[in-house]
Structure formats: structure tokens, C-alpha cells
Amino acid sequence: MSIDSNSSSPVLRYAVFGHPVAHSLSPRIHAAFARQFGIGLEYTAIDAAPERFDVALAEFAAEGGLGANITLPLKTRAASICSQLSERAQRAGAVNTLIRSATGWEGDNTDGVGLIRDLTERHGLDLRSRRTLLIGAGGAARGVAPALLDAGIGDLYIVNRTPERADALADALGLPGRVHPRYLADVNTLGNFDLIVNATSAARIDAMPTLPMSLATPRTAAVDLSYGEVAVPFLAWAKVAGAHDRVDGLGMLVEQAAESFERWHRKRPDTDPVYAQLRQGASALVTAD
């Protein structure tokens, strides 16, 4: 924490850690939230490869860091170094929000609640009883899967390039009657879905998985947890496949940030004007959160 030379109020230090992270919108979002309340905030993006994350986080804490957001590929690592985890972080096995405490870092996961709030409140989707396909089983998928189940979806099918990770996520969710891990290669045998969530970051480094058009119907909602150029391939597929609703991850990003902001500052920001401002330039955005 530092003192602003133009004010007697302390400047509160926060950051987002990821790799890569240069294009992250989180600094802009949290700065906008802070302005709503007149909070002096310094929020920076810190690029930390997995092998350097522990050191980078310790340096940030030593310099007065009070909290942090965590993005790919550090969410599961962040969970392992926390002295305390919230219930939703425990269920996810992944952390996207760190809160400094007297005993170290407390970890939380706001991804799931951010996604559900965006889909149900902003986009007006009723998620209840929807047969759901989750593509991916990494930190992003772990963050949203418990919240999807809590929101009342029907059966959840998880497919991943590495089947062991899909199995591990299904086991962690602990609902064998509702959660079904499957091989990604067998996705064309699974029938159609009312909700399809793309939680893979493969588009950053490789082509999106090949998906059959038969997965979607005119009642399907297709959701990509990424936004900007990274979300284009999946949402383009969803359009051709005839999905009724096609949603990128920009709203989820703003909503999960609001949840983190409230954890840190005990104040709930208004997300609509921030979302609207970002949406104006969405086509030029590069996912980094």
C-alpha cells in the first residue's frame, strides 16, 4: 500500500497474474469499478510463467499487494499455495481470486458465479434442466462446473483432449448420476445439447476441436468462456450449427471481476456501464483473462 501524493488516502495495490497477461482487461475493469466509489487503486498485470509464479506472488506481497486475480495457466497452482480456500474454490480445485489475510493468501473462485449471473441476468437464459456439454477440464472448466450444476442444469457431459483430466473433474464434482466424462474423440456419439460451454484455451495455441454440427439445435445456447478473437472460431461454429443463443465470455469476465472487487472492498460495483463500454470494442479484444 502506498500514499497518493495528491491525497491523504492510501493507494491500494492489486494485480492480475497470468501467462500471457499483457492484453488483460482486468486493470481497466477494476479501475472503472474503483472510480464508482472514489477508491484509490493501483491494479497492474503481472506476467508470471508457472515456474515463477510463487516468487512473483511473494514479491507482490512484500511490496504491499492486498489481493490478486489469477488467470491461465495459474489457477490450479494458486489453489495449492493458499492457506485457506472458500467453499467454491475447494469445489473447483482452482482459484481466480486471492485475498491477503494475516495467515497468508485466502483463495476464492468467482468464475462460476460470474458466468451464471451473466447468462441468467444479462442474457435472460433459463439454465434449468438443460442437457449440457462442457468442452475442456482445466482451471476455467473447474471454475464454472460446480456453479452450472448449482444453477440446475440437467446432465453434464465433460469432454477433454486428455481424458484423465475429464475423469478427475467428474470425480471432484462428486455427482456420478449427473456428471459424465467422455472422450473428446467420441463427441459425435453424444447426441445434441441444450447448453454447450467451450472452456478450452486450445484456440490460443492450436485449432479449436472439430465439433459435429449435430451437437446443436435451434434451442441450444452456445457459450465461450473466452472473448474477442479467441472466441470467434467456436461462436462461428455455433452460428453455422444453428444454436439459438451465442454468448462470449466478456460478460462473465466483468461479473467475476465484480465479485472479486466486492470480496476486496466490501462494495458491489455497477457492471452494466463497464460491460457496455468494453462491448463497443469487443471485436478488437484479445483474451488474456
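Between which two helices does the loop that holds R266 lie? R266 is found in the loop between α9 (250-265) and α10 (272-280), where helices (H or I, at least four residues) and strands (E, at least two) are DSSP runs, numbered from the N terminus. The model shown in these views is predicted, so local features need pLDDT of at least 70 and side-chain atom pairs count only at pLDDT 80 or more, while totals for chains, interfaces and linings use all residues. Residues are numbered from 1 along each chain as its sequence is written, and side-chain values use heavy atoms, with hydrogens and water left out.

**View A. Two residues other than glycine with positive phi, R266 and S129**. R266 has a positive phi of about 60° although it is not a glycine, and its relative accessibility of 69% means that it counts as exposed; the term buried stands for under 20% relative accessible area, exposed for over 50%, and partly exposed for values in between (1.4 Å probe, protein chains only). S129, with phi near 65°, is found in the loop between α5 and β8 (132-135), and it too is classed as exposed because its relative accessibility is 58%.

**View B. The residue K75 and its surroundings**. In an unreviewed entry, UniProt gives the annotation "active site" to K75; UniProt positions are given in the numbering used here, feature names are shortened, and annotations may be inferred rather than shown by experiment. K75 lies in helix α3 and counts as buried because its relative accessibility is 8%. Not counting residues up to four places away in sequence, K75 is in contact (heavy atoms within 4.5 Å) with I70, A94, V95, N96, D111, G139 and A140.

View C. N198 is found in strand β11 (residues 195-198), and it counts as buried because its relative accessibility is 4%. With residues up to four places away in sequence left out, N198 touches I135, V223, D224, L225 and F234.

**View D. The largest nonpolar core**. This core has 30 residues, and those with the most contacts inside it are L134, L156, I158 and L225; a nonpolar core is a set of buried Ala, Val, Leu, Ile, Met, Phe, Trp, Tyr and Cys residues joined through side-chain atoms within 4.5 Å. At least two residues of this core are supplied by each of α5 (111-122), α6 (139-150), β9 (156-160), α7 (163-173), β11 and β12 (221-224), and the largest share, seven residues, comes from α6. Leaving aside neighbours within four places in sequence, I158 is in contact with residues including L134, A166, L169, V179 and R182.
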